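Colleague: I would like to learn how to read a helix, a pocket and a set of paired strands. Could you take me through them one at a time?

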Amino acid sequence: MLPRPSRRIFLKTGIACTSLYAVPRAARAQTERASPRFDSLTPIFEKSIADHKTPGAVAAICSGGQTVWTGVFGLRATTPTPEPMSWSTLFDMASLTKVLITAPAIMQLYEQGKFGLDDTVARYLPAFAANGKQHITIRHLLTHYSGLPPDVDLTTPWAGKQTGLNLALNATPIHKPASIFVYSDINFLILGLLVETFSGIPLDQYATQNILSPLGLKRTFFLPDPALRPSIAPTQYDERGLILRGDVHDPTTRRMGGVAGHAGLFSCADDMLVYAKALLARRAGKASTFPLSPQTLVLMSTPQQPPGKTDIRGLGWDIATHYSTPRGTVFPPTSYGHTGFTGTSLWLDPQSETAVLILTNRVHPDGKGNVVALRRDVATAAALALQ
């Protein structure tokens with residue numbers, strides 16, 4: 001039986017010291033008094049902050065359509081002036097862009113009959129056939145079995161959306177399609193281009209019109225307004241020695257102007273809870289504003305990798321690969337999720353309609369943070385608490 005959602009009672013505390021990482025209990029900006037079942041979660045976050053794995057975090061658990069725990073910990077920024085983390089902090093979602101925006105966008109177009117999953121990409125983007133890519137399919141892109149390298153070349157200076165797209169279109173495979181799982185930003189950069197090709201509008205506009213607005217999300221977007229900068233969690237120093245805050249962390253997306261199929265989205269905990277609850281409810285066939293059919297959501301979150309392959313991927317979603325540590329050790333193998341390089345993650349269990357959301361800026365300020373263990377331990381503790 002699931003615990004009832006607790007009434008939100010926040011402890012207001014200040015930052016008691018001015019070091020980069022405050023003593024955990026003093027550093028915590030605010031945290032929620034929830035059911036004692038979830039008491040094991042707070043020390044996990046406090047230890048991660050104390051060990052300098054992340055400056056802070058915003059996290060939440062929902063189950064059965066209800067939010068059952070939320071927490072806010074540590075600092076939003078450590079330099080030049082320490083700032084406490086807050087529930088309303090906006091985060092660079094990094095690669096969660098792939099599953100929150102690009103994958104559902106392409107699957108909406110699939111539902112409209114614009115293409116087949118096993119159609120070759122070159123059928124719709126003829127330039128993509130260059131350098132031996134003529135047999136790569138849309139399914140290969142969605143499952144990361146295209147054989148393409150992880151990213152476009154960043155060793156030489158370049159700028160502009162079209163330049164980035166041309167680099168992706170001209171990329172040379174490093175493996176045969178369907179032969180091996182290689183997580184590649186190029187796959188979703190190309191999928192974003194397909195969304196624009198099929199729809200006739202830019203990806204960020206498509207996302208707003210067809211995903212974000214139907215869900216009622218007000219604080220999820222590409223290219224955040226500069227006025228929002230103070231509420232955005234900063235990431236790390238860029239090549240000019242300036243802290244990125246409101247500019248996307250991913251260098252390819254940043255060179256392309258801030259919008260791409262693999263990165264660029266910014267969001268907050270409130271919106272992500274709305275998104276996760278709507279997705280899980282819709283997948284279960286319940287009333288929901290999520291703009292895909294239950295059948296499509298099941299298709300996206302069940303194994304779609306080539307036959308015989310042991311790295312298990314859905315259409316966009318991760319199911320069982322070396323990236324799957326956010327599952328923890330208790331959630332079932334039918335659960336699925338995704339991570340973002342900046343320190344964001346979302347893991348979903350459709351059986352119990354549970355979502356574990358963790359938002360951090362673990363790359364702030366020097367890129368040395370690591371939240372792999374945090375994600376694993378939080379998911380394990382959450383699953384045990386919900387048993």
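Modeller: Begin where a helix begins: a side-chain oxygen of Ser184 comes to within 3.1 Å of the backbone nitrogen of Ile186, at the start of helix 6. Bear in mind that this is a predicted model.

Colleague: How many residues does helix 6 have, and what span does it reach from its first C-alpha to its last?

Modeller: Helix 6 covers residues 185–199, which is 15 residues. Its span is 21 Å from first C-alpha to last, close to the 21 Å expected at 1.5 Å a residue. After helix 6 comes Gly200, with a positive phi near 80 degrees.

Colleague: Now the largest pocket. How much space lies in it?

Modeller: In general, rolling a probe the size of a water molecule over the atoms shows where empty space is left. In this model the largest pocket holds about 590 Å³. Its lining is made by 31 residues, and Ser95, Tyr183, Thr339, Gly340 and Phe341 lie nearest its centre. Two elements, strand 9 (336–340) and helix 11 (372–385), each give two or more residues to that lining.

Colleague: Which element gives the largest share of the lining, and how do the lining residues divide into nonpolar, polar and charged?

Modeller: Strand 9 gives the largest share, with 4 residues. By type, the lining has 12 nonpolar, 11 polar and 8 charged residues.

Colleague: In what sense do strand 9 and strand 10 pair?

Modeller: Strand 9 and strand 10 are antiparallel, with 5 bridges. Gly340 has Thr344 of strand 10 as its bridge partner. The hairpin of these two strands has 3 residues between them, and Gly343 takes a positive phi near 120 degrees there.

Colleague: Why is strand 10 described as largely enclosed by the rest of the structure?

Modeller: In a regular strand the side chains alternate between the two faces of the sheet. That gives two sides to check. On strand 10, Thr344, Leu346 and Leu348 are buried on one side, and Ser345, Trp347 and Asp349 are buried on the other. Strand 10 (residues 344–349) is largely enclosed by the rest of the structure because 6 of its 6 residues are buried.

Colleague: How many bridges does strand 11 form with strand 10, and how many with strand 2?

Modeller: Strand 11 (residues 354–359) pairs with strand 10 in the antiparallel sense over 5 bridges. With strand 2 (residues 56–63), strand 11 is again antiparallel, over 6 bridges. Thr354 of strand 11 stands opposite Asp349 and also opposite Ser63. Further along strand 11, Ile358 is the bridge partner of Ser345.

Colleague: What is found in the turn between strand 10 and strand 11?

Modeller: That hairpin has 4 residues between the strands, and Glu353 in the turn has a positive phi of about 50 degrees.

Notes
Residues are numbered from 1 along each chain as its sequence is written. This is a predicted model: local features need pLDDT of at least 70, side-chain atom pairs count only at pLDDT 80 or more; totals for chains, interfaces and linings use all residues. Side-chain values use heavy atoms; hydrogens and water are left out. The expected span of a helix is 1.5 Å times one less than its number of residues. A polar contact is a pair of N or O atoms within 3.5 Å; within protein, one must be able to donate a hydrogen and the other to accept it, and residues adjacent in sequence count only if both atoms are side-chain atoms. On a 1 Å grid over the protein atoms alone, a cavity is a set of points where a 1.4 Å probe fits but cannot get out, and a pocket is an open set with protein on both sides within 12 Å along at least five of seven lines; lining residues have an atom within 4 Å of a point. Grid points are joined across faces, edges and corners, and a volume is the space filled by probe spheres set on the points. Ala, Val, Leu, Ile, Met, Phe, Trp, Tyr, Cys and Pro count as nonpolar, Asp, Glu, Lys and Arg as charged, and the others, Gly among them, as polar. Buried means under 20% relative accessible area, exposed over 50%, partly exposed in between (1.4 Å probe, protein chains only). Two strands pair if DSSP finds at least two bridges between them.
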